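Hello,

Here is the structure we talked about. Please look through it first, then read the notes below it.

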Amino acid sequence: MVLHLGKNIVLLLLVVSSSTLAVFGQRSAAHPEWNNREFAPAPDTSSPRDDSIDQSYRLPTDTVPTHYTIRLHTDLHTGSRAFSGIVDIEFDVIVPTDAIVVHNRDLLIASAALYAKDQDGLLVEFGFPHHEFDQRTEQLTFHPGQVLPIGSYVLTVEYSGLLQTSSNSGFFLKSYVNDDGERRYVGTTQFESTNARMAFPCYDEPLLKAGFTLWITHIAEYNAVSNMPVEEVVPSEEHEGYVTTKFGPTPKMSSYLLAFGVSDFVSIEDGTQQCLTHHRPRQGSRMVARTVLITALLCLLASPTTFATRPAWQWLSEPSDFTLSFERELSDLAGSLPVPNRRQAVDESYRLPNNTSPIHYHLALRTAIHENSRQFSGTVKVLFEVLEPTTTVTLHNRRLTVQRAFLHEEAVGGGAGAQIEQVAHSTDPDTEHLTLAVSQLLPAGSRYYLRVEFEGALQNNNNMGFFASSYLDNNGNRRYLASSKFEPTHARSAFPCYDEPLLKASFELELTHYKEYNAVANMPLAGAPTPDPDNADYVTSRFEVTPLMSTYLLAFAVTDFTIRTADRQTVYARPNVFEETAFPLEAGNRILDALSDYMDISYYDYMPKMTQIAIPDRGTGAMENWGLVAYGEPVLLFNPAINTYRNRKSVTTIIAHEYAHQWFGNLVSPHWWEYIWLNEGFATLYEYYAAQLAYPEGEYWELFTVEVIHSAFGADASETVRPMNWNAASPSEIAALFDTVAYDKSGSVLNMFRAVLGDPVWRYGLKTYMTARQLDGATADHLYGGLQEALVSLAPTLLPATVTVRQLMDSWTSEPGFPVLTVYRTYGEQQEAILSQERFLSSKRLPSGHVYYVPYDFTGGHAPDFEPTPAGYGWLAAKADKIATGVPNDQWIIFNRQQNGYYRVNYDAHNWELLIEALHNDPAQIHHRNRAQLVNDAYNLARAEWLDFAVPLRLMSYLRRETQYAPWTAAGSALTYLYNKLRGTAHYAHFQVYANHLLLDIYPTLAIDSVAAQETLLQLYLKQFINTWACRVGHGDCLAKTKQALAAAYQARTPVHPDIATAVYCNGLVDASDEIFVWVYEQFKSSRNQAHRTVLIDALACSRQPAQLESFLTTALGSGAEFDALLATERTRIVSAVYGASREGVDAVLDFLMVPSRVTEFVQRLGQSALNSAVSNIASRTNNQPELDRLNALLVSLGSQIPESVATSARSTVQNNFNWFNTLEGLVVVEFLEQMATTPQEL
């Protein structure tokens, strides 16, 4: 056991054998009187070093560490010893030096970079020092090539190492055997006295203390623990199935006191204490129960307040506590173990004090972005009210240089009055608090102006704060623009402000800019721009005063864009895409009117205009700034001649999403970011609902189930997922809240309650909520209150008398995950069913005492009725219940009509058989959304081992008779999973038979090479899905027709119709001539439409000609004028599209990376992460021995150019691919497909 006593007490139990609990690292103090003291006294900590020992082992004294940021990656769950890491060592040079010396033991150094910190804390690149290592002293010396003057620096070191197995030192690997006889691996640390250097390069001497920030990336089913609490757990961007556990920064401490562990242990928590054990309790297991008890006792020993404040030593010393049967005592204890509190405490020091509050801002900014100058200057005057007597005023500031600050009286007629004093100021770079100290006590109730003069630098196209972008005009000249994006915490990087959502104020803005440019903001211009008295080439644009709003909603841009106007809406875009702004302007007007009618609150009651602006190279995101919504070009611009039906859908629904925010987020903002789902959940719901209101013929609402609910299920089935209500404090914590839970899950839960309460009650409740909280902040309770009031007014008997909206919704919003509803029919005379609920996890089952209030409805095969009504819902308010169904025993039953409920449904085996039979006989008797639900549920239940995998395979066989898009796309994930497992193996031919059987009836009904005027959106979706799969599995007619369609387009030199372009270009290019390939490539080069360019990148990657693919990959690394228009995101997409399109694409990337000079250029142009990702993706697509041989050759060729952990993980991935065929799932799938392929089927 490693026992660390610090801010929290953590006990990490390492099991040496399955029956022995070994406790390591405990020793008594040399002096008993020191037992309760953190440090023993030292006679003289500054005394000179002892000359009688070899001082060459000691580090030089010219540099000292201040902080470490350590990022580790481990695959230890597989038993792999390899790990990799990146450490940022922040240090101070206290004596000028030409060498940086740290400790290292057995770590392989891959690279190092040195940065200097300027006065504002910004990093300036200082080169790439070479290094040398002294094996005897274990000193690693970095030579920067020059003398470093006194100052602050950051040394970034990338390295790899091996977990120890022969000793419990450094970062070491242990294992145990679980109750199933499986060996499980865990890793932990023991750094005292000189073993920290085995895990990361460091100043490994006890006096050289520093703070530590630790991130560990590991398999998602494992967890990590360290000295400090977990701040967040986020999915890994580079490794599918992995997460990164991020810990808070430690206080200053010696390197030997850092500790961490990675394991599959479960935790038992009590207040601020946590015990970890490798056993997961199972009913009836004596050994497990004993381990749980031992673990609990250790927690009790560390906590004198546990169990009714009885001291732990007294509890253990009273034999009367053990007089009951041992097994019974263990059972009682295990059942009463506390459920871990998943709502982590946050560091409230990031929050602003409550002594002052803003009322009004007057903000003046000056920019020369037209000449690509990144500097800007500004003055902000903040009118604030004093809430509590104070001598300080605190605002937020991120990397702004504050030049001067002044306190002013408020003038009698408004505005800033006489200056009172110039105030001292300082900024804390950690909390980003700008504290201004005044010489007098400001009394409560008084109001003042604070005037701050400052300078800053535009961010470099990172979509944060006030940032710069650019585009190429028709003459190939690069043009520059500046715009803002402040959500969630970036307003502070443009001007000092109270940057919290509840601290609303009005804003008065003026922008001084080049006279040939224009400025736009939330509000209309307050008159024409006026000449700047200091420079005749500049003008100042002034804007009307905004309503009260949060800082994150302020927005502005300075551009040379053209403007399209209709009614009170405008669209701004670069001049060479003006024609592509017609549709978004039309859609904006229709959607805003539809939402105003639906909400019964007009947008124009609060804002006088609406502007949409398309920002080049901003990606595919958007931001709902009040009155000035900003988009990445692909999700706003639409050219019907080249953009697909999917682009039109994206533009429509994303406009609807951002316009929904004008109510949900802008008119009413979250009280704090903990409730960000009140913004994003509603916006996700109305993204589809409002699009449907504005364009009923578009059938957008039909996509909500498969694009939102099914997507939410995927992310929300993780053991580590957060609930909807989740607190945060630091900017990084806040940014992490904008995840699938905030969007898809929250939208799904809200839609469930919309359906359960009924639209009239729902709309009444929303208006009540909006009216009560307008121009203010809201919590979840405010929403619950509005809906409760609606129920009282319109439907007082709809819910059970003892239940409130808060109780119902809080069971979903304050707990993570979602349930699976199991329906077990009794098949007796009473026609009853037992309903039970359990949290659904994708990879395991864990006991949970939480009860979701599950609204359920159902229908049966004897009288199908799939129209849900509020009165038709019952509530499962317990873990299980028995209900009467009235459905005959020989008829199927389906729960969750039209899948409005946010839960999966499992059935007894016989009901699954009845459903499969019904789908094969007549799919139309079951609603198409429920058909999609059955496919999606059956597949995911089988993956989670709730069902035999033969059930979804047999069920999906009905798809041969399916004509609706939703069930087909629900099956897409299952088909893709099987394709990826079976391609390249002896069993792939059987999968082809299965897939072709599914496509047999539907494929001939679709004209895959033409578009009819009457085809609906969903028909186009269906046609592309069927076409893609038919060609993917080698359907001869599909490949021939798409090739002919592309050849015809080439002959006519006419682009393919956009609504079939994705399929025709991709499948037609499979074995196209070089001439056709170049023709499509030239379209890509000449296109100025980012969405169109993306379609063409993906199409060109579909080629299976090695020479064509090699040429295409070369463009990703291209430089010079020919490649100026190529975005950074497009370069990486070329690579990922090639290896994602086909095995031939994988081979092309393999061959490309086998050339060493290309690898160097690849990393320089695209980054190390792109190379690591390519290797990982090649591995995931490796299914046979020849493919593995090629991968191994690549790994050997790359050598140290990739971290050892990446190579190890790649080999592990392939081994898992091979091993799948020996799993129950793999054996069932192979057996089923073989039988189907070799058994005559009905034609």
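**Notes on the structure**

Leu775 sits in the loop between α11 (759-773) and β44 (776-778). Please keep in mind that this is a predicted model. The phi angle of Leu775 is near 60 degrees, which is a positive value in a residue other than glycine.

Asn372 is found in the loop between β22 (356-367) and β23 (375-386). With a relative accessible area of 28%, Asn372 is partly exposed. These angles are worth noting because most residues other than glycine have a negative phi, and most peptide bonds are trans.

Next come the cis peptide bonds. One joins Glu192 and Ser193, with omega at about 10 degrees. Ser193 lies in the loop between β14 and β15. The peptide bond from Glu487 to Pro488 is also cis, and its omega is near 0 degrees. Pro488 belongs to the loop between β32 (478-485) and β33 (506-514).

**Disulfides**

How many disulfides does the structure hold? There are two. A disulfide is a covalent bond between the sulfur atoms of two cysteines.

One of them joins Cys1031 to Cys1038, with an S to S distance of 1.9 Å. The torsion about this S-S bond is -95 degrees, and the link of Cys1031 and Cys1038 is left-handed. Cys1031 has 3% relative accessibility and therefore counts as buried. Cys1038 is buried as well, at 0% relative accessibility.

The other pairs Cys1066 with Cys1102, whose sulfur atoms are 1.9 Å apart. The torsion about the S-S bond of Cys1066 and Cys1102 is about -90 degrees, so this disulfide is left-handed. The pair links distant parts of the chain: Cys1066 is in helix α21 (residues 1058-1068), while Cys1102 is in the loop between α23 (1090-1100) and α24 (1106-1116), 36 residues apart. Cys1102 is buried, its relative accessible area being 9%.

**Salt bridges**

A search of the whole structure finds 54 salt bridges. A few are described here.

Lys117 forms a salt bridge with Glu90, and the closest N and O atoms are 2.8 Å apart. This pair links distant parts of the chain, with Lys117 in strand β8 (residues 108-117) and Glu90 in strand β6 (residues 82-93), 27 residues apart. Lys117 counts as partly exposed, at 31% relative accessibility.

Arg184 forms a salt bridge with Glu221, where the closest N and O atoms are 3.2 Å apart. Arg184 is in strand β14 (residues 183-190) and Glu221 in the loop between β15 (211-219) and β16 (223-226), so the pair links distant parts of the chain, 37 residues apart. Glu221 is partly exposed, with a relative accessible area of 31%.

Glu633 forms a salt bridge with Arg574, the closest N and O atoms being 2.6 Å apart.

**Helix packing**

Two packed helices are described by the angle between their axes and the distance between the axes.

Helix α28 (residues 1168-1180) and helix α29 (residues 1185-1198) have axes that come within 11 Å and cross at roughly 160 degrees. Angles over 145 degrees count as roughly antiparallel, and α28 and α29 are therefore roughly antiparallel to each other. Their crossing is left-handed. In the contact, Val1175, Ile1178 and Ala1179 of α28 meet Leu1191, Leu1194, Leu1195 and Leu1198 of α29.

Helix α12 (residues 780-794) and helix α13 (residues 805-813) pack at about 140 degrees, and their axes are 9 Å apart. The helices α12 and α13 are therefore oblique to each other. The crossing of α12 past α13 is right-handed. Among the residues of α12 that meet α13 are Leu783, Tyr784 and Leu787, and those of α13 include Val805, Arg806 and Met809.

Regards

Methods. Residues numbered from 1 in each chain as written. Predicted model: local features only at pLDDT ≥ 70, side-chain atom pairs only at ≥ 80, totals over all residues. Heavy atoms only, no water. Disulfide = S-S within 2.5 Å. Buried < 20%, exposed > 50% of the residue type's maximum accessible area, 1.4 Å probe, protein only. Helix = DSSP H or I, 4+ residues; strand = E, 2+ residues; numbered from the N terminus. Salt bridge = Lys/Arg side-chain N within 4 Å of Asp/Glu carboxyl O. Axes fitted to C-alpha atoms, helices over the stretch in contact; angles between N-to-C directions. Parallel < 35°, antiparallel > 145°, perpendicular 65-115°, else oblique. Left-handed = near helix turned anticlockwise from the far one by under 90°. Contact = heavy atoms within 4.5 Å.
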